[in-house]
Amino acid sequence: MSTALGAPAPAGGTAWTPAAEAERVMSAFVSPVAGIVRRIFERTRDTDDLYAYSVGSEACDSRIVLGTACNQVNGGGGPSRQGAWLAAVGETVERYSGAWVPFDLLEYGTRRELSGRGLECLSPDDYTPFADWQYDRPDADHVRFTEQTWIPWVQSRRLGDGALVWIPAQPVYLRADLMDVNPVAYATSNGLAYGSTEDEALVGALLELVERDAVMLAWYKALSMPLIDPASDPGVAAYLERHVAPTGCRASLVDLSVFTGVSTVLAVVRNDVPGAVPLGLGAAADASPARAATKAVAEAVSTRSWAVAKRRAGIRVDPDSDFDETVRTFDDHIALYAGGELTGQTRFLDASAERSSLGDMPRLPSDGPGELRDALVSLLARAGIDLYAVDLTSPDVREAGGRVVRVFSPQLRALDAGYRRRLLGGERLHARPAELGLVEPGAQDYVNPDPHPFP
């Protein structure tokens with residue numbers, strides 16, 4: 001048995017799973033007695049929530065099964081009840097399975113030791129998640145990844161050439177106990193996805209990596225990227241009119257496709273009514289520009305609703321506080337911007353005078369998940385981006401017929417959680433915007449000092 005993803009099937013041999021079949025399989029995960037998902041509930045829509053379906057899902061107490069807690073409350077939304085249900089259950093299963101670790105299949109040691117045994121391992125030269133100054137702090141949370149750093153390793157498949165490569169396990173599994181000794185990185189849900197098939201999970205993970213990379217580059221380099229004209233696609237214009245306009249919020253679509261060549265949209269949803277929660281962000285990458293746009297908008301409105309809930313509960317992060325101490329989780333990131341004091345610091349996101357059209361954005365072949373998989377891997381490989389896939393499917397999820405995949409990239413910028421833990425290392429953060437001519441001369445090393453408001 002191996003944790004590495006299996007060798008890819010021929011692109012033409014796979015088809016997208018029909019929604020009815022996906023629902024049939026995923027129903028096995030839902031049970032108040034023995035389910036990974038123990039409760040499903042429809043959320044009541046508030047006046048400024050997305051005019052669509054919203055479904056919440058509550059996970060089991062995974063400490064009993066996995067020995068560690070998983071994310072308890074998850075959800076999904078969209079214009080169809082079935083789609084929202086599938087998204088909610090899939091997210092819960094994904095987070096549950098991501099916390100399962102086959103400890104007997106891990107290797108422990110330094111890269112030098114493992115390489116001496118003939119194992120191909122990721123080089124520390126290729127992976128520096130934090131900046132030098134972050135490592136040099138006397139109270140640093142993480143240590144440098146070097147040839148002699150003793151850590152747990154997991155076997156992966158490098159998607160570009162199919163090679164089996166051992167990579168650090170810490171950024172792969174949602175397990176804090178893997179960081180008890182020599183924490184070189186930490187894991188979020190970045191590049192983690194559930195699918196009815198291995199290829200569908202893989203495609204979901206790849207698209208999320210692309211999306212998060214673009215958002216982090218835009219935020220940390222304070223880039224005002226082109227705004228997309230919604231009228232350039234009748235379907236997107238109709239979606240906004242039907243599902244967003246009744247909320248009283250306004251949505252801006254930001255084109256972030258330039259960073260990877262995959263259609264990527266950042267949605268910035270604002271409510272300028274005095275006293276209202278002012279901001280929600282969402283993003284998506286997709287083979288179809290229109291789907292990327294509508295997915296991003298749905299997430300942005302949902303994120304703003306999350307911020308509304310924080311404010312109603314009296315949860316607030318003081319904008320004048322020490323962010324090292326007060327911004328530690330995604331909840332803190334959202335709560336910080338819920339009050340509106342830092343709204344001005346987000347204006348650059350949708351301030352560009354440049355316009356783009358959905359019809360001019362890149363499209364990828366996607367008649368089947370294998371076809372889209374190959375297109376994504378090929379496109380990113382040509383850009384010098386390495387992709388390492390790990391099968392995170394827990395035994396119970398596999399028995400029911402689902403798959404969970406993690407794709408890790410040492411180059412693509414991952415979404416970070418916590419101000420102290422900002423992922424500011426590596427070359428891409430500064431090099432890619434400079435290559436594209438998006439930063440002014442002399443500003444190549446600039447980093448936005450504000451915590452990001454992304455979920």
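**View 1. Salt bridge between Asp 136 and Arg 144.** In this predicted model, the side chains of Asp 136 and Arg 144 meet in a salt bridge, with N and O 3.2 Å apart. A salt bridge here is a side-chain nitrogen of Lys or Arg within 4 Å of a carboxyl oxygen of Asp or Glu. Asp 136 is exposed, at 52% relative accessibility, and Arg 144 is partly exposed, at 36%. Buried means under 20% relative accessible area, exposed over 50%, and partly exposed in between (1.4 Å probe, protein chains only). Residues are numbered from 1 along each chain as its sequence is written. The model is predicted, so local features need pLDDT of at least 70 and side-chain atom pairs count only at pLDDT 80 or more, while totals for chains, interfaces and linings use all residues; side-chain values use heavy atoms, leaving out hydrogens and water.

**View 2. Salt bridge between Arg 420 and Asp 141.** The closest N and O atoms of Arg 420 and Asp 141 are 3.0 Å apart in a salt bridge. This pair links distant parts of the chain, 279 residues apart: Arg 420 is in the loop between strand E14 (403-408) and helix H13 (428-435), and Asp 141 is in the loop between H5 and E5. Helices (H or I, at least four residues) and strands (E, at least two) are DSSP runs, numbered from the N terminus. Arg 420 counts as buried, at 15% relative accessibility, whereas Asp 141 is partly exposed, at 37%. Both residues belong to a network of salt bridges that links Arg 137, Asp 139, Asp 141, Asp 324 and Arg 420.

**View 3. Salt bridge between Glu 147 and Arg 111.** Glu 147 and Arg 111 form a salt bridge whose closest N and O atoms are 2.7 Å apart. The two residues are 36 residues apart and link distant parts of the chain, with Glu 147 in the loop between helix H5 (132-136) and strand E5 (151-158) and Arg 111 in helix H4 (residues 111-116). Glu 147 is partly exposed, with a relative accessible area of 26%; Arg 111 is buried, at 16%. The whole structure holds 34 salt bridges.

**View 4. The largest nonpolar core, around Ile 167.** This core has 45 residues, and Ile 167 and Tyr 173 are those with the most contacts inside it. Helix H1 (19-26), helix H3 (81-98), E5, E6, E7, strand E13 (388-391) and E14 each supply at least two of its residues. H3 gives the largest share, five residues. A nonpolar core is a set of buried Ala, Val, Leu, Ile, Met, Phe, Trp, Tyr and Cys residues joined through side-chain atoms within 4.5 Å. Leaving aside neighbours within four places in sequence, the contacts of Ile 167 include Leu 122, Trp 153, Val 172, Tyr 388 and Phe 408. Contact means heavy atoms within 4.5 Å. Another core, of 36 residues, lies apart from this one and has Trp 219, Leu 336, Tyr 337 and Val 439 among its members.

View 5. Phe 103, Tyr 108, Trp 150 and Val 181 make a nonpolar surface patch of about 360 Å². Patches are made of residues with over 30% relative accessible area and no salt bridge, with like charges joined within 9 Å and nonpolar side chains (Val, Leu, Ile, Met, Phe, Trp, Tyr) within 5 Å. Accessible areas come from the Shrake-Rupley method with a 1.4 Å probe; for residues, only the protein chains shown count as cover. Val 181 lies in the loop between strand E6 (164-168) and strand E7 (192-195) and is partly exposed, at 44% relative accessibility. Asn 182 lies in the loop between E6 and E7. Asn 182 has a positive phi, near 50°, in a residue other than glycine.

View 6. Helix H11 (residues 369-382) has 14 residues, which should span 20 Å at 1.5 Å a residue, and its end C-alpha atoms are 20 Å apart, in agreement. The expected span is 1.5 Å times one less than the number of residues in the helix. Among the buried residues of H11 are Pro 369, Leu 372, Arg 373, Leu 376 and Leu 380. Helix H6 (198-220) is included in what covers the buried residues of H11. Just after H11, Gly 384 takes a positive phi of about 80°.
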